[in-house]
Amino acid sequence: MKIREIPHTAVAHPGHQQARGHEIMERVAEETATAQQSKAWLVARTGPLSGSRYLLREGRTLLGRNAQNDIIVHGPNTATVSGHHLEITNLGGTWRILDAGSTNGTFLNGQRIVEAALSGDAIIRLGNDGPEFCFVTEEVAPSELNSTLVIPEGIQLPQPRPRPITHEHDDLLLEAVRRVRRARISRVGDHTMNLMRDMLRRALKRNNRRFRLTIWSLTAALVIISSFGYWKIARLKSDKAAIDHQIREIETRLSKAQDTPEQTDRLITQLDGYIGEAQNLQHSLLFRIGGGEKEDFVTHEVRVLMAEFGAEVYSIPPDFIDRVKEYVARYQGQDRPHMAHALNEAKGEITIMRRILQEEKLPPDFAYLPIVESALSPHQPSAAGAVGPWQFTAVTARAFGLRVDGTVDEREDIRKSTHAAAGFLRQLLLDFGTGSSVMLALAAYNGGPAKVKQAVMKSVEDPIKQRNFWYLYRARALPDETREFVPKVFAAIVVGRNPQRFGF
């Protein structure tokens with residue numbers, strides 16, 4: 001900012017002079033305040049868009065996965081990003097960050113925060129291992145506007161390469177000299193400058209022709225390269241579409257359950273081969289540039305959830321997605337009172353369970369499992385004698401440290417029963433493994449680990465396949481009640497994470 005110089009004038013009346021001085025000082029103060037206002041950006045530090053800059057708005061900037069955000073975070077490493085993850089506000093030149101109730105938390109310079117002030121070069125991370133952004137500001141001070149670039153000692157700037165003088169330029173100069181000499185011999189007058197300007201126009205015209213030729217050559221090359229790229233992308237998409245068609249055909253046949261166990265096993269093996277080919281095509285750089293296929297909201301949320309569980313797969317059985325959608329519809333319809341109670345009156349209990357599960361290093365979204373088990377409503381014992389939000393039988397409750405006797409029943413204590421449930425879930429994960437076995441552990445929570453293991457070992461001999469939930473799901477090796485429990489839990493989580501979208 002440049003401060004205007006105030007010219008010296010004749011001495012005026014003291015009162016007018018003082019008023020004029022106040023006016024000038026106020027104007028300078030306003031200009032200085034304006035100059036000190038800073039712009040701020042978020043700069044991506046990880047992922048395929050690393051280095052991208054996002055200008056922050058003056059008021060409030062929303063960030064998350066949903067399309068309604070000002071900054072939409074997407075890509076392969078966004079499993080820990082919530083639909084509406086955080087907000088950044090600028091009030092009176094002060095920047096602040098606010099976690100918007102995200103599932104996996106917001107971290108500022110390595111510390112999890114709910115709300116905090118932002119300063120330059122702060123590192124923001126979405127979830128424990130999620131995308132990272134650097135908060136940067138830019139202030140233009142008056143001294144910077146009028147400063148001279150100082151090159152540190154030892155640093156040499158590249159020197160411009162001199163353009164060669166061709167014979168063509170020599171010819172133009174010689175012709176110009178001859179024309180000047182002829183004009184002077186003929187005593188026509190001093191037309192030297194006119195002649196030199198004419199030569200300069202001719203030189204520029206020749207260079208312009210050469211420049212236009214270069215531009216046209218580059219344009220033609222770009223068109224050729226772009227055409228090849230589009231053709232290659234189209235070819236990759238065509239190949240992937242053909243493979244996806246084969247995958248859908250096999251998935252549809254498996255969902256009908258009309259084949260023998262041997263035929264089912266062969267179909268699943270064939271399906272795994274097609275999935276491997278499709279994944280190789282999908283990982284191609286050109287295919288990623290061309291953009292992926294769009295999915296409906298529920299399917300997308302199921303994929304995000306599986307990625308958070310470490311169970312991401314290329315192909316999800318269509319009947320599994322259909323069952324999730326059907327249960328979502330039931331939570332909006334006939335089971336709406338139970339879901340509304342859980343997400344409204346019992347919202348505090350879900351918050352407590354999420355915090356305990358997170359402390360126990362388990363997925364916080366397991367807190368929606370009691371919605372399926374008990375709807376978090378005042379309840380009577382089930383037919384099997386299960387009690388409490390996590391529906392423990394007396395034997396299982398005592399095995400995980402809960403007191404159950406004629407005087408006290410800790411199954412109804414939200415905190416103690418959640419700690420016990422965390423211990424039970426951890427044991428199931430140890431028994432069945434990780435990856436797609438997370439869903440197998442969820443299935444065992446409902447049916448009991450012994451019942452699930454017995455059914456699996458009876459239907460499948462391969463020990464590797466015995467721990468693969470999707471193989472067991474496609475082969476219908478799980479009991480029907482247990483097979484239905486997992487999509488029902490997924491539906492509860494999808495609704496619980498997006499209550500406004502589903503009318504709650």
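Biologist: How many bridges join E1 to E11?
Modeller: Six bridges join E1 and E11, and the two run antiparallel. Two strands count as paired if DSSP finds at least two bridges between them. Helices (H or I, at least four residues) and strands (E, at least two) are DSSP runs, numbered from the N terminus. One spot to look at there is alanine 44, which stands opposite phenylalanine 133 in E11.

Biologist: Before I go on, what kind of model is this?
Modeller: It's a predicted model, where local features need pLDDT of at least 70 and side-chain atom pairs count only at pLDDT 80 or more, while totals for chains, interfaces and linings use all residues. Residues are numbered from 1 along each chain as its sequence is written, and side-chain values use heavy atoms, with hydrogens and water left out.

Biologist: Good. Which sheet are those strands part of, and in what order?
Modeller: An open sheet of six strands, in the order E2-E1-E11-E10-E7-E8, with antiparallel pairing. Strand E2 (53-55) and strand E8 (111-113) sit at the edges with a single partner strand each, so one side of each has no neighbour in the sheet. From one strand to the next, the twist averages 30°. That angle uses axes that are lines fitted to C-alpha atoms (for helices, over the stretch in contact), and angles run from 0 to 180 degrees between N-to-C directions.

Biologist: And what holds strands together in general?
Modeller: Strands of a sheet pair through backbone hydrogen bonds, either parallel or antiparallel.

Biologist: What about E1 and E2, how many bridges there?
Modeller: Three bridges join strand E1 (residues 39-44) to E2, again antiparallel. Leucine 42 stands opposite tyrosine 54 in E2.

Biologist: Is E11 mostly enclosed or open, and why?
Modeller: Strand E11 (residues 132-138) is largely enclosed by the rest of the structure, because five of its seven residues are buried. Buried means under 20% relative accessible area, exposed over 50%, and partly exposed in between (1.4 Å probe, protein chains only).

Biologist: How does E10 connect to E11?
Modeller: Four bridges join strand E10 (residues 122-126) to E11, and they run antiparallel. Alanine 122 stands opposite phenylalanine 135 in E11. The hairpin of E10 and E11 has five residues between the strands, and glycine 127 takes a positive phi near 90° in it.

Biologist: I've clicked on isoleucine 124. Where does that lie?
Modeller: Isoleucine 124 lies in strand E10, and its relative accessible area is 2%, so it counts as buried. Leaving aside neighbours within four places in sequence, isoleucine 124 has contacts (heavy atoms within 4.5 Å) that include Leu42, Ile97, Phe107 and Phe133. Threonine 106 is 18 residues away along the chain, with the two C-alpha atoms separated by 7.2 Å.

Biologist: Switching to aromatics. How many pairs are there?
Modeller: The structure holds 15 aromatic pairs. Rings of Phe, Tyr and Trp (its six-membered ring) pair if their centres lie within 6.5 Å; planes under 30 degrees apart count as stacked, over 60 as edge-to-face and the rest as tilted. Take phenylalanine 320 and tryptophan 470: the ring centres are 4.9 Å apart and the planes are at 85°, so that pair is edge-to-face. This pair links distant parts of the chain, with phenylalanine 320 in helix H8 and tryptophan 470 in helix H16 (residues 469-474), 150 residues apart.

Biologist: Is phenylalanine 320 buried or exposed?
Modeller: Phenylalanine 320 is at 0% relative accessibility, so it counts as buried. Tryptophan 470 is at 3% and counts as buried too. Phenylalanine 320 also forms an edge-to-face pair with tyrosine 473, at 5.5 Å centre to centre and 80° between the planes.

Biologist: Which residues form the aromatic cluster?
Modeller: Phe309, Phe320, Phe366, Phe469, Trp470, Tyr473 and Phe490 form one aromatic cluster.
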